[in-house]
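Here is a short report for you to read alongside the model. It covers strand pairing and aromatic rings.

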Amino acid sequence: MMIAHLSDSHLIAGPLGAGPAAALHRAFGRLLALEPRPDCVVITGDMVETEDPAEYAILRDILDRCPIPVHLVAGNHDGNQLTVEFAGTRYLAGGSSTTYRVDYPEAAVLVVNSVLPGRPEGELGAEQLRWIDEALAARPGVPAFLCLHHPPAGVGIPFLDGMGLLDGPALGEVVARHGTLTRILAGHVHRNVAVPFAGTLVSIAPAAYRQSHLRLHDAGPPGYLLEPTSLLLHVLTGGGCATHTVPVSDAGAVLAY
């Protein structure tokens with residue numbers, strides 16, 4: 001099984017929206033040109049910038065062109081409008097909740113909502129932690145991918161670590177009880193980062209548009225820049241999981257459209 005992992009497109013409406021929209025469109029064109037194609041796409045939050053329905057219209061137009069399953073994860077910029085726009089669609093597994101699971105023959109994709117309304121940091125809460133525990137126990141021996149926006153472990157950028165997952169340690173206790181969690185897929189950081197966590201690995205996808213500056217020395221905002229973009233490809237290998245970085249911009253790569 002192969003999962004394409006995107007994050008943080010921050011789509012905006014109006015004349016300044018061309019760059020983010022083109023970047024997300026190009027990322028889908030790149031992943032659909034992979035041979036073979038991924039089994040699904042996970043976007044780990046902050047698809048839009050301000051919850052404007054016009055931003056979601058741009059997102060829907062890009063998603064509707066994708067012929068393979070796409071699973072959306074709520075980010076702190078997406079807000080409640082995510083369920084308004086996509087309830088009942090394939091992007092939320094046909095339901096109206098931003099906490100859901102999708103079972104593939106080779107693996108389970110578990111999506112949870114770490115958003116605290118009006119705040120940049122995240123939290124899962126006791127109910128979702130119980131849900132994760134039960135979901136991981138439901139298919140013993142089958143690999144699972146847990147998808148959320150806020151990373152549960154620090155990345156060494158003080159400003160971003162200050163707005164991570166508040167109940168990361170509690171999630172770690174749940175994860176440590178199960179041996180089937182193959183990866184935790186996250187976003188929010190706007191950089192490609194891998195962090196060991198509770199016996200598994202947190203894979204943070206780079207942003208589809210602007211990356212955060214690698215500012216490791218204080219708690220000030222890192223700033224954002226137009227570094228070359230990429231996506232992650234998580235591949236079950238039989239004995240584990242390999243994560244590949246797939247260049248998107250400045251790569252001269254084949255595009256499907």
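Predicted model: local features only at pLDDT ≥ 70, side-chain atom pairs only at ≥ 80, totals over all residues.

## Sheet

Strand S1 (residues 2-6) runs parallel to strand S2 (residues 40-43), and four bridges join the two. Strands here are DSSP E runs of at least two residues, helices are H or I runs of at least four, and both are numbered from the N terminus; strands pair if DSSP finds at least two bridges between them.

Residues are numbered from 1 along each chain as its sequence is written, and side-chain values use heavy atoms, leaving out hydrogens and water.

The open sheet has five strands in the order S3-S2-S1-S12-S13, with mixed pairing. Strand S3 (70-72) and strand S13 (241-247) each have a single partner strand, so one side of each lacks a neighbour in the sheet.

## Aromatic pairs

Two aromatic pairs are present (Phe, Tyr or six-membered Trp rings with centres within 6.5 Å; planes under 30 degrees apart are stacked, over 60 edge-to-face, the rest tilted). Tyr56 and Phe86 have ring centres 5.9 Å apart and planes at 65°, so they are edge-to-face. Because Tyr56 lies in helix H2 (residues 53-63) and Phe86 in helix H3 (residues 81-86), the pair ties together parts 30 residues apart in sequence.

Phe86 is buried, with a relative accessible area of 0% (buried is under 20%, exposed over 50%, partly exposed in between; 1.4 Å probe, protein chains only). Phe86 and Tyr91 are also edge-to-face, because their planes stand at 80° with centres 5.5 Å apart.
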